[in-house]
Amino acid sequence: MKRFLAALLVAITVIMLSSCSLTLNLPCIHSDNDGNGVCDKCDKDMAKKPPSTEDEVVLVIDGEANFHFVLEKDAPSIVSYELNKATLAFKKLGVEVKTVEEDAKKMIQNIEVLIGNVQNRGAEYDIDEHTLGVEGYAIKMMGSKVVISAGSTDALSEAIKKFTSIVTAPYADGDIMDEFVFTDKMDEVKIQTKYDVISFTIGSSSIRDYSIATDTQNPTYMAAAEAIRDYLYVKMGFYPDIVGLDDADKSIIINKVPKGSVQGGFEINVNSKEQLTIECAYDNMLASAVDTFLAGISAENGVVQLTGRVYQRDVDVIYYDDMGATGNGMTDDYWAIYRAHELANQCGQTVKATPGKVYRIHDTRDAFGKPTFITIKTNTDWTGAKFIIDDTDISTFDGTDMARLHLFYVLPDKEEWQIDSTEELNRILAAGLGRGTTNIKLTGVDRPVMIRPFNGTHRVYRRVGYSSFDGNGMHEMIVLDKDGNVDPSTPVFFDYNFLANIAVYEIDSEPITIKGGEFTTLASRADNVIRENGVAIGVYGGYIHRGIDVQRSNVNVIDVKHIVKNEISLNEQEAGILGSAYNGFFCADYANNVRFLRCTLTGRRCYRKYKGVGSGTPGTYDYSVHEACNIFYEECYQSNFWITIDYATGEITGVPEGTPGAQLSMNPIAYKSLNTAVFWGLGGANYTKNMQFINSTMSRFDSHAGLVGGAVIGSHVGEMSLTGGGDMLIKDSVVYADGSGSPDAIVKLRSDYGSTWDGTVTLQNVKCYAAFDTRDGKENPLVILSQFYTNWDFGYVCAFPNLIIDGIEIIYAENDERYGSTELQLSNALTDVRMHLEYTAKTPPRYSYLDKNYDGVVDGTGEYKDGVLVPDSGIAYDKDRVSANEGGVVKNKSDRENFNVILPPEFIEIRSNPNGYKFVVADTSGKGISDGAHYDDVENYGGFFGDTKFCYGDKKYVIGTAGENVGDFIFR
């Protein structure tokens with residue numbers, strides 16, 4: 001029935017639209033709404049009756065058809081099928097009958113059999129099918145036409161059968177039909193008289209007096225009105241009018257209401273005017289709610305009486321199960337989950353999983369084989385449910401590309417946009433964009449935004465060493481309020497003299513929350529070693545993305561647990577299998593103010609690259625942050641921060657702290673022929689501002705390509721690795737110093753990015769567990785900050801940070817005893833005492849260009865974009881001048897130009913030292929080296945620390961390392 005009426009509506013709509021554009025060529029569909037007896041459109045006299053019924057119509061003359069069938073446009077397939085059978089029946093009797101689809105532009109013949117709602121050709125012959133009922137039909141001769149009409153698709157099919165039997169029955173013995181006359185005596189009319197509903201009242205009024213009132217310009221509300229009209233027609237033969245809300249009187253009123261105004265978002269009530277009010281807060285749920293209401297109407301003894309509150313439904317929430325999810329742990333529920341979020345995103349409902357269910361996610365490809373992802377834009381509650389992410393057969397090289405998209409993306413309502421007007425960019429540059437800028441007013445923007453200024457002509461974070469690369473164009477993320485004021489937590493870090501564009505990200509004002517649920521990743525079992533005839537020839541690269549990526553501002557991810565199982569085992573790794581690297585499960589990109597609260601993370605197994613086809617260890621993560629601001633991991637816990645290893649079976653188990661035999665998950669082990677770390681650090685950040693660990697236990701705080709500002713408070717951290725600047729606070733925390741290399745350090749300044757922190761690092765009430773380095777037969781002291789110098793242009797001026805020590809304690813990791821020595825070294829020995837000056841003492845510069853394939857020629861021949869280094873494209877590769885693991889080409893060994901200036905700290909301050917440590921600082925005085933006048937106008941010739949203030953006691957300090965030891969400092 002619904003399909004029949006929908007087809008009718010489409011046909012009428014198409015014809016009406018056609019009539020508007022082709023009025024001069026179409027016959028008029030007459031109407032006399034004002035009752036004056038004259039057509040409103042063409043002024044034709046309407047008093048004349050439709051063609052009177054004649055005695056007969058000759059359909060067949062001398063065995064040839066004198067008529068054709070006219071079928072309504074876009075007729076249902078069942079009707080077309082039945083009409084085809086009719087033409088075949090005529091063909092068996094030797095009569096060829098044509099069927100034409102109604103088209104106003106075609107010639108109208110005198111004799112026609114009109115099937116269904118043939119408006120343009122048969123308006124004056126119309127039979128009101130709504131008087132027939134869904135089971136009724138009419139076959140009538142009207143003038144020169146035979147009209148076949150019905151109250152439903154099924155009834156129309158039955159009428160075509162009946163007509164065929166009337167016409168062809170006399171010739172059933174196979175005689176050729178020489179002539180056939182259809183007379184009015186052959187008219188067949190069937191009217192439905194029995195209905196399920198005899199009486200339908202709203203309050204005390206019969207529904208037959210009612211219309212349906214709604215917003216007739218809104219397709220969603222019109223569809224709901226038509227569904228109610230269809231129901232009444234089918235159940236009781238009543239076909240009410242649909243009118244606008246302004247014409248509502250005795251009406252069923254379908255109305256949109258604000259969210260929160262009705263309980264559950266959908267209510268049906270009978271009001272004091274005996275109107276049936278249907279109120280819905282969500283357009284996307286109106287059709288479903290109305291259908292469910294209609295299906296549930298009980299007509300006991302054929303009587304329906306509606307009074308008071310008739311029906312209520314919770315449409316504020318959409319469940320995965322509503323979309324067909326099974327939650328049985330075996331069926332792939334991805335598409336049901338996908339549909340639930342797509343529906344909720346339309347109008348803003350919360351999405352929920354059913355507690356106790358287990359939802360499996362595996363194949364994310366659509367019908368065309370293209371990988372897809374689930375978009376989250378509303379509150380989501382997974383509490384009590386479990387999810388299995390089955391990555392067993394997924395890899396970066398499986399040909400599906402499913403590994404290259406996260407499963408869930410939390411996206412903003414508005415997409416990013418760019419400022420690329422040269423005039424606007426130059427205006428911003430002229431106003432100043434660099435260190436110290438406090439206001440960046442964007443023309444026409446009067447709301448909080450996050451911006452990404454981009455200068456592609458200058459590259460920054462140009463990494464040296466393992467995984468070296470030539471950096472990215474200078475850019476950073478900056479948060480602005482509605483007036484363009486720079487958020488103090490996201491200060492401008494770079495100085496810009498050119499802008500290619502500025503990307504603008506809207507900051508969503510209303511927060512959304514994603515909470516609960518336990519996700520278990522069945523890790524990829526793919527072997528990433530490329531083999532040819534059993535011989536390893538290479539390694540597949542790339543990261544698997546199968547987690548949650550928050551790309552919307554103001555998001556809370558709460559109580560979400562992630563566990564990893566079925567990774568490549570130690571025994572498999574020892575046999576030469578290389579597992580896959582993961583991008584992360586808890587990710588934040590292009591977003592501001594994202595909080596991960598009480599989440600459980602799991603470190604990933606790390607795998608050495610296969611011997612003979614690579615070196616180093618590919619990183620693999622459970623969290624990652626990229627181009628984001630104000631990211632908080634609060635009360636988060638790593639399930640395998642501590643592990644035990646069964647050296648007989650190779651089984652690895654995450655355990656609580658204090659478990660006998662427990663070790664840090666990042667520590668290296670010796671297992672059979674393996675000498676490797678077991679797990680990689682938990683995650684890292686790039687181009688991020690203000691990332692914080694608060695009351696969390698996580699194996700690594702790592703800023704890769706630049707962090708500006710951050711904190712570790714009340715937390716346990718396996719390693720502190722920094723690149724960037726601003727204020728870094730480490731407070732009331734335990735740090736497990738990196739024991740994988742020399743020297744051990746509380747804070748490691750990443751040498752691959754220049755060992756730089758251009759700002760202040762504060763250690764306040766910090767306990768550090770250190771393994772210490774004893775490979776040379778003696779215990780080498782722990783250093784507070786590790787720093788290495790590499791004469792490489794990183795794209796920025798590097799800096800040794802200012803340091804505030806406000807209470808630290810050093811513990812032997814192997815026996816949990818307090819460190820026996822009273823001396824702590826501020827940093828490892830300065831590798832080049834002139835590293836802050838224009839020319840170095842002994843370190844020749846390394847070109848930015850590489851020879852990674854060791855073919856004797858520098859990789860790439862284009863100019864360095866900054867115009868700082870322009871090496872000749874034919875510089876020969878000199879194996880003696882290149883580190884084996886980086887392929888960097890150095891300048892002539894006699895050249896000492898410094899492309900990697902390291903700014904000395906302004907101050908080193910000891911605020912409290914309850915454990916009585918002495919902090920040993922390299923004495924750089926007395927070497928006849930100018931300090932470079934970085935912080936004053938005095939040439940102190942004090943070397944690297946020549947102008948540094950060493951603060952101790954009550955506001956006491958000395959400048960430089962010359963002279964006697966003071967306070968808690970030892971200069972030597």
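Arg 427 and Glu 424 form a salt bridge, with their closest N and O atoms 3.0 Å apart, where a salt bridge is a side-chain nitrogen of Lys or Arg within 4 Å of a carboxyl oxygen of Asp or Glu. The model is predicted, so that local features need pLDDT of at least 70 and side-chain atom pairs count only at pLDDT 80 or more, while totals for chains, interfaces and linings use all residues. Residues are numbered from 1 along each chain as its sequence is written, and side-chain values use heavy atoms, with hydrogens and water left out.

Both Arg 427 and Glu 424 lie in helix α8 (residues 422-431), three residues apart, about one turn of the helix; helices here are DSSP runs (H or I, at least four residues) numbered from the N terminus. Salt bridges that share partners also join Arg 463, Arg 700, Asp 702, Glu 719, Lys 748, Arg 750 and Asp 752 into one network, and the count by this rule comes to 36 salt bridges.

| Pair | N to O distance |
|---|---|
| Arg 427 and Glu 424 | 3.0 Å |
| Lys 85 and Glu 82 | 3.5 Å |
| Arg 365 and Asp 363 | 2.9 Å |

Lys 85 and Glu 82 are three residues apart in helix α2 (residues 77-92), and are therefore separated by about one helical turn. Glu 82 is buried at 8% relative accessible area, where buried means under 20%, exposed over 50% and partly exposed in between (1.4 Å probe, protein chains only). Lys 85, in contrast, is partly exposed at 39%. Glu 424 is buried at 12%, whereas Arg 427 is partly exposed at 35%.

Definitions and conventions
Helices (H or I, at least four residues) and strands (E, at least two) are DSSP runs, numbered from the N terminus.
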